[in-house]
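Me: I am new to this structure. Please show me how to read its features, one by one.

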Amino acid sequence: MSIEVRGVTHRYGDRVVLRDVTVTLTEQRVGVIGANGSGKSTFARLLNGLVLPSSGSVTVDGRSTRGRSGAEVRRSVGFVFTDPDAQILMPTVAEDVAFGLRDLPRSAVPERVAAALDTFGLAGHADHPAHLLSGGQKQLLALCSVLVTEPKVLVCDEPTTLLDLRNTRHVLKLLAELPQRVVLVTHDLDAVLAMDRVLVFDDGRLVFDGAPGAAVEFYVGLV
Ligand SMILES: Nc1ncnc2c1ncn2[C@@H]1O[C@H](COP(=O)(O)OP(=O)(O)OP(=O)(O)O)[C@@H](O)[C@H]1O
Ligand SMILES: [Mg+2]
């Protein structure tokens with residue numbers, strides 16, 4: 001499976017925030033780094049159609065994020081936001097995880113939810129109000145609620161920014177062990193060293209694309 005971004009330019013109003021970005025992603029682990037405002041989150045949101053490009057195209061497995069195939073792309077590319085509160089939709093932890101499974105037969109849901117909560121160490125919180133979880137637990141819940149839907153690709157936009165050291169390590173370990181493809185946007189330069197390929201953005205341009213060590217060196221050189 002591949003994600004193809006072809007000739008993508010994106011504007012918010014008159015402001016150009018991505019300029020002619022072309023890249024084909026086939027690796028298991030792709031990191032995205034760059035300065036604040038360089039266009040990383042915009043790029044990440046393009047990958048599952050949360051943002052549609054002003055010009056150019058994004059296709060996942062040959063399906064465009066635009067038009068009728070968009071819904072299918074959004075199902076196959078899960079997205080995790082920096083702020084889990086933006087993503088947690090239901091009152092209790094178990095209900096939030098079950099929400100992603102609302103298209104399954106009802107009888108199949110409890111078992112899937114229990115297994116997912118167990119994987120993320122949230123089994124003891126199943127019936128707790130989601131808004132009372134700690135920041136780290138909320139981030140785990142957000143990840144859990146996306147992954148329970150079994151996306152083929154997971155795009156994470158700074159998933160550890162709000163977390164303490166322990167939860168950061170926990171989330172990075174979970175991401176490292178996932179069978180899914182992961183695209184990780186981050187300011188954590190240690191975390192990107194574990195990726196297969198790293199993209200560096202600067203002022204809306206893709207300015208480096210290659211091995212993690214060289215990418216970090218390039219980014220540091222820009223600063
Ligand atoms: N919805 C929006 N409307 C208008 N401008 C936006 C919107 N979202 C982002 N921008 C602008 O687009 C530019 C790129 O933003 P983006 O969020 O992609 O950057 P980023 O690299 O993720 O930055 P950060 O590291 O701070 O998260 C910024 O100048 C930002 O102000
Ligand atoms: Mg961002």
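This is a predicted model: local features need pLDDT of at least 70, side-chain atom pairs count only at pLDDT 80 or more; totals for chains, interfaces and linings use all residues.

Me: Which feature does UniProt place at residues 3-223?

Reply: The unreviewed UniProt entry gives "domain: ABC transporter" there. UniProt positions follow the numbering used here, feature names are shortened, and annotations may be inferred rather than shown by experiment. Over residues 3-223 the chain is 33% helix and 28% strand. Helices (H or I, at least four residues) and strands (E, at least two) are DSSP runs, numbered from the N terminus. The end C-alpha atoms of this stretch are 29 Å apart.

Me: What is the phi of Asp-61?

Reply: Phi is near 55°, a positive value in a residue other than glycine. Asp-61 sits in the loop between strand 4 (55-60) and strand 5 (63-64). Glu-158 also has a positive phi, about 50°, and is not a glycine. Its loop runs between strand 7 (153-157) and helix 6 (165-177).

Me: Is Glu-158 buried or exposed?

Reply: Buried means under 20% relative accessible area, exposed over 50%, partly exposed in between (1.4 Å probe, protein chains only). Glu-158 counts as buried because its relative accessibility is 15%. Asp-61 has 34%, so it is partly exposed. Leu-162 has 54%, so it counts as exposed.

Me: Which residues does Leu-162 touch?

Reply: Contact means heavy atoms within 4.5 Å. Leaving out residues up to four places away in sequence, Leu-162 touches Thr-82, Asp-83 and Pro-84. Leu-162 lies in the loop between strand 7 and helix 6. From Leu-162 to Gly-213 is 51 residues in sequence and 25 Å in space, C-alpha to C-alpha.

Me: How many aromatic pairs are there?

Reply: Three. Rings of Phe, Tyr and Trp (its six-membered ring) pair if their centres lie within 6.5 Å; planes under 30 degrees apart count as stacked, over 60 as edge-to-face and the rest as tilted. One of the pairs is Phe-43 with Phe-201, tilted, 4.9 Å centre to centre and 45° between the planes. This pair links distant parts of the chain, helix 1 (residues 40-46) and strand 9 (residues 197-202), with the two residues 158 apart. Both Phe-43 and Phe-201 are buried.

Terms used: Residues are numbered from 1 along each chain as its sequence is written. Chains are lettered from A and ligands numbered from 1 in the order in which they are written. Side-chain values use heavy atoms; hydrogens and water are left out.
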